[in-house]
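Hello,

Here is the structure we talked about handing over. Please open it alongside this email and follow the notes below.

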Amino acid sequence: MTPSLNRIYAMFLRYLYLHQRSLPRNLEIIFWPVMDLMVWGFVTLYLQQITSSAVGGIVVFLIGAMIFWDILYRAQQTISIPFMEDQWARNTLNLLISPLRFWEWMTAMICYGVVKITVIVAVLAVLAWQFYHYSIGSLGFSFMPMVVNLLLFGWALGIFTTGLLLFWGHTAEALIWGIPFLVQPLSAVFYPVSVLPVWLQPVSRMLPSTYIFEGMRGVIQNGTLDATLVWSAFGLNLIYLSLAGFSLRWMLSKARQAGRLSRLGSD
Amino acid sequence: MSNSDYGRMEPVIELQDLCKRYNGTEALKNLSFQLKKGEILGLLGPNGAGKTTAIHIILGLLTPTSGEVKVFGLSPIQHRFQLLPRLNFSSAYVNLPYNLTAVQNLELYARLYNVKDAKRKIKELLEVFQISHLGRRRSGFLSSGEQTRLNLCKAFLNDPELLLLDEPTASLDPDMADLVKRVILKVQKERGIAILYTSHNMTEVEMVCDRILFIHHGEKKAEGTAAEVIQRFKTENLEQVFIRIARSGDLLA
């Protein structure tokens, strides 16, 4: 194994070890997604009971949207939270003075995130099928390009929010939890973009997630995925990932100048 | 080794007129010093004197406002990844992940530092610091003294040529502090490691350090062997020098 791969593997293991003998951490993986699924699932069942069959058909969007939103949200969290874990453990300084490169650190977090998200999606898919007869497989091959785009955008947000943690330390923690929810209403997760006020729609179209949620609704309605939506999301993701990388680099350099880097975990 | 021997050696650390200002406060004012190969330099001063700032600049965690810092002749900011495998750091205020066992923590850092024959090395260090029996225990369940010894195992893991120890015995009882000092001295003599050492225990400093440097309000106040500094300040011991500098540092400049 090359030294670089060895370091990525070391950090990947470090984050997997978070789950050893830790029931709260293991429960946390599925607790919130399952709670969300229950709420949205029961809302869906209720709407099916009280509305016409046409509206009842539309509400299956909600479960799909909820699962897709969770993928995006968890992708962001699986980068920022492991970083915070090291701050809480007062271990960040040890890592910053080791030969670990920042990109290796991020890669390890992404690998850990993929494992965690796979578990979450598998659990949600089984529960959605069992309780609401909703099959994630109904999206067919469209599922993968949509998920990849959601992961990329979640990682871009995660890299950006990790930069905020470097820049502001513990005080930025509230933003780590809050920033995805700033993106949620603009991404048209549970409704089409056309529902948004006209002046907000161009802002919504600047987010890759909007194209994916629009695409998902298209697949459920027509059975086909508009490739233009996937490529638009992918192009925007490349831009956001580059911007996130630059912002992280800039915030790291500013934190180094201001002495915030050396106070990480103790502020 | 005498002072003249050290004088002939290449400096491992070289600080030249180093200044660091943040938020209108001058943390370091024209600080200059050298640390030579195989030497233990005690960096001393009251709380807030600028010791940690200097250490963090050497580690590349902080950029100086002005002045020059070289580690093995290279800038710790520009040549960061060339330098980091050659040094290590331990502080009483920095921990290892608490949910990992002692051995898992050392395995993690062995991979990060690309240590060859890591299992043997880890076993050896746990024995040296007398914590072999705690290998399977999670770090969070170790006493502060045991955690300190585990941190020191991590610090010696990559056979560093330069070691920065920030109050390494701060949370140890006298027996363990003595053991740790002896281990540090033994390993340092065997491998010729350069060590920058901070401590508030002046007896320990006299025992461990070849040379000391007092700083206060970011400025150098005294430099030399413990005997030379005691003589210059006309006191009986290093602790009295420390108290004089801490209480009237500005008058001594």
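**What I found**

Start inside chain B, at strand β6(B). B:Leu162, B:Leu164 and B:Asp166 point one way from the strand, while B:Leu163 and B:Leu165 point the other way. All of them are buried. Please keep in mind that this is a predicted model.

**The neighbours of β6(B)**

Strand β5 of chain B (residues 87–91) is joined to β6(B) by 5 bridges, and the two run parallel. Look at two of the pairs. B:Ser90 has B:Leu165 as its bridge partner in β6(B). For B:Ser91, the partner in β6(B) is B:Asp166.

Another 5 bridges join β6(B) to strand β7 of chain B (residues 194–198), again running parallel. Here B:Leu164 is the one to find: its bridge partner in β7(B) is B:Leu196. To get from β6(B) to β7(B), the chain crosses through helix α7 of chain B (residues 174–191). This β-α-β crossover is right-handed.

Now zoom out. In chain B, 6 strands form an open sheet with mixed pairing. Their order is β5-β6-β7-β3-β8-β9. Which strands stand at the edges? They are β5 and β9 (219–224) of chain B. Each has a single partner strand, so one side of each is left without a neighbour in the sheet. From one strand to the next, the twist averages 15 degrees.

Helix α9 of chain B (residues 226–233) packs on the sheet. The helix touches β8 (211–216) and β9 of chain B, and its direction makes about 115 degrees with that of β9(B).

**Where the chains meet**

The contact takes 28 residues from chain A and 25 residues from chain B. On the chain A side, the elements that give two or more residues are α1, α5 (92–96) and α11 (227–258). Which of the elements gives the most? That is α1(A), with 7 residues.

**Helix α1(A)**

This helix covers residues 3–16 of chain A, 14 residues in all. From first C-alpha to last, α1(A) reaches 20 Å, close to the 20 Å expected at 1.5 Å a residue. Its buried residues are A:Arg7, A:Ile8, A:Ala10, A:Met11, A:Arg14 and A:Tyr15. They cover an arc of only 155 degrees around the axis, which puts them on the same side of α1(A). An α-helix has 3.6 residues a turn, so residues three or four places apart point the same way.

What do the buried residues of α1(A) pack against? In chain A, they pack against α4 (60–88) and α6 (102–132). In chain B, they pack against α4 (102–112).

**Helix α11(A)**

The 32 residues of α11(A) should span 46 Å at 1.5 Å a residue, and its end C-alpha atoms are 46 Å apart, which agrees. Its buried residues include A:Leu229, A:Tyr240, A:Met251 and A:Arg256. The buried residues of α11(A) pack against α7 (143–168) and α10 (208–222) of chain A. Just after the helix, A:Gly259 takes a positive phi of about 80 degrees.

Best wishes

Definitions and conventions:
Residues numbered from 1 in each chain as written. Chains lettered and ligands numbered in written order. Predicted model: local features only at pLDDT ≥ 70, side-chain atom pairs only at ≥ 80, totals over all residues. Helix = DSSP H or I, 4+ residues; strand = E, 2+ residues; numbered from the N terminus. Expected span 1.5 Å × (residues − 1). Buried ≥ 20, exposed ≤ 12 C-beta atoms within 10 Å, placed from the backbone. Arc of directions from axis to C-beta. Contact = placed C-beta atoms within 7 Å. Pairing = 2+ DSSP bridges. Right-handed = clockwise from strand over helix to strand, strands pointing away. Axes fitted to C-alpha atoms, helices over the stretch in contact; angles between N-to-C directions.
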